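Subject: Structure handover

Hello,

Here is the structure I promised to pass on. Please open it beside this note, and my findings follow below.

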Amino acid sequence: MHKVHPKEGPYICKVCNKVFLQNYALKEHLYSHTNEKSFMCKVCDKKFSSCHNLKAHSIIHTDDRPYVCEVCHRAYHWKASLKYHLLSHSNEKPYLCEVCGKTFSQRNLRSHLRIHIRDKSFICEVCGKAFSQPGCLRVHMQTHTNEKSYVCKLCDKRFSQQSSLKRHYLTHTKEKPHVCDVCNKGFQEKCALKRHLITHTGEKPFICKLCDKVFYRPGALKVHMVTHTNEKSHVCKLCGKGFYQKCTLKRHYLTHTKERPYVCEICNKGFQEKSSLKKHSLTHTGERPHICEICGKGLASKASLTSHLRTHTNEKPYVCDECGSAYNYKQSLKNHMSLHKNRDAFACKICNKNFKRPDYLVQHSRLHAKEKSEM
């Protein structure tokens, strides 16, 4: 007996003129025009427009990952996923953006192009916020539902995204898989390594059009732009103080609650900010990784190194608006400004003369004491 083959086409879609060899393929394709999704996953109830897409989706509910990378042994559900992953080992970036010349290792060029055309066609029905990618909208929607379905098996902390849970696991393992080729510093996230690499090149490609200040990252520029508008939209409900950034407001709340969530494992001292804990940890190790290229002195933090360099350059960027006095350090300016605010605080009880500083008053008082002794 001969196997009966289905009648071959061509079968042409009347909507877009796409050609198919078999009738069932055309029928499946027509769902893409009607937006009808009649194929439903029995595990998660997600719907698809074709049987083929449903089959591809169903694999994620199984542990079947037959496609394994020979370099790092990472396994994938789909052959296409493995193919894209292999490009990360070869450093090959064959997809070129014709607008800015940036290349990509995977087929996310289409997503990148939306940055140039500013296409934000995916709109949140709750708050009206627009996004350039459907995935970004899906992630955003979870901020309204507050749904956190991904649970850490080690500490029961919940997350709204699987990627957030994966990053969180690294805090338990202390693993830092992304290593800088220049200084061997490790990072838990690839994006953190990318930001770090710019510190070696010194490149600051993001420029403020209003004051020409330059930044390493576009996010930093975005935050800076708010300082020109003077808009402080994030307001503390307890004291009414306004802030430019939401993260700054969160840190501010800790001043009311007195909570110190970041605790040193050696001495149990608590800190309100993670960066403060990092600086403190260096006091135990004695490590001073930031070296001055001029005198060879080691500093515990990058901020300390920046301040130290001013002792060589004699740069005084912090200037008093009232009298023009300039200082190397921000704290020195703050101390100086308090003298302007309390200019009448240090008054001589004998002649009522006012002084800006208590030591000036002490010197002045000696004159009265001398006059008294000579009488």
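The structure holds two salt bridges. A salt bridge here is a side-chain nitrogen of Lys or Arg within 4 Å of a carboxyl oxygen of Asp or Glu. Before the details, some ground rules. This is a predicted model, where local features need pLDDT of at least 70, side-chain atom pairs count only at pLDDT 80 or more, and totals for chains, interfaces and linings use all residues. Residues are numbered from 1 along each chain as its sequence is written, and side-chain values use heavy atoms, with hydrogens and water left out.

**Salt bridges**

Arginine 167 belongs to helix 6 (residues 162-173), while glutamate 189 sits in the loop between strand 14 (186-187) and helix 7 (190-201), so the pair ties together parts 22 residues apart in sequence. Helices (H or I, at least four residues) and strands (E, at least two) are DSSP runs, numbered from the N terminus.

Arginine 167 is partly exposed, at 35% relative accessible area. Glutamate 189 is partly exposed too, at 30%. The cut-offs: buried is under 20% relative accessible area, exposed is over 50%, and partly exposed is in between (1.4 Å probe, protein chains only).

Another bridge links glutamate 273 with arginine 251, at 3.7 Å from N to O. Glutamate 273 is in the loop between strand 20 (270-271) and helix 10 (274-285), and arginine 251 is in helix 9 (residues 246-257), so this pair ties together parts 22 residues apart in sequence. Glutamate 273 is partly exposed, with 31% relative accessible area. Arginine 251 is partly exposed, with 35%.

**Rings**

Lysine 232 lies over the face of tyrosine 244, 5.3 Å from the ring centre. That label needs NZ of Lys or CZ of Arg within 6 Å of the ring centre and within 35 degrees of the ring normal.

**Two single residues**

Histidine 364 is placed in helix 13 (residues 358-374). Histidine 364 counts as buried, at 11% relative accessibility. Leaving out residues up to four places away in sequence, histidine 364 touches Cys348, Cys351, Lys353 and Phe355. Contact means heavy atoms within 4.5 Å.

Leucine 30 is in helix 1 (residues 23-34). Leucine 30 counts as partly exposed, at 36% relative accessibility. From leucine 30 to lysine 55 is 25 residues in sequence and 18 Å in space, C-alpha to C-alpha.

Best regards
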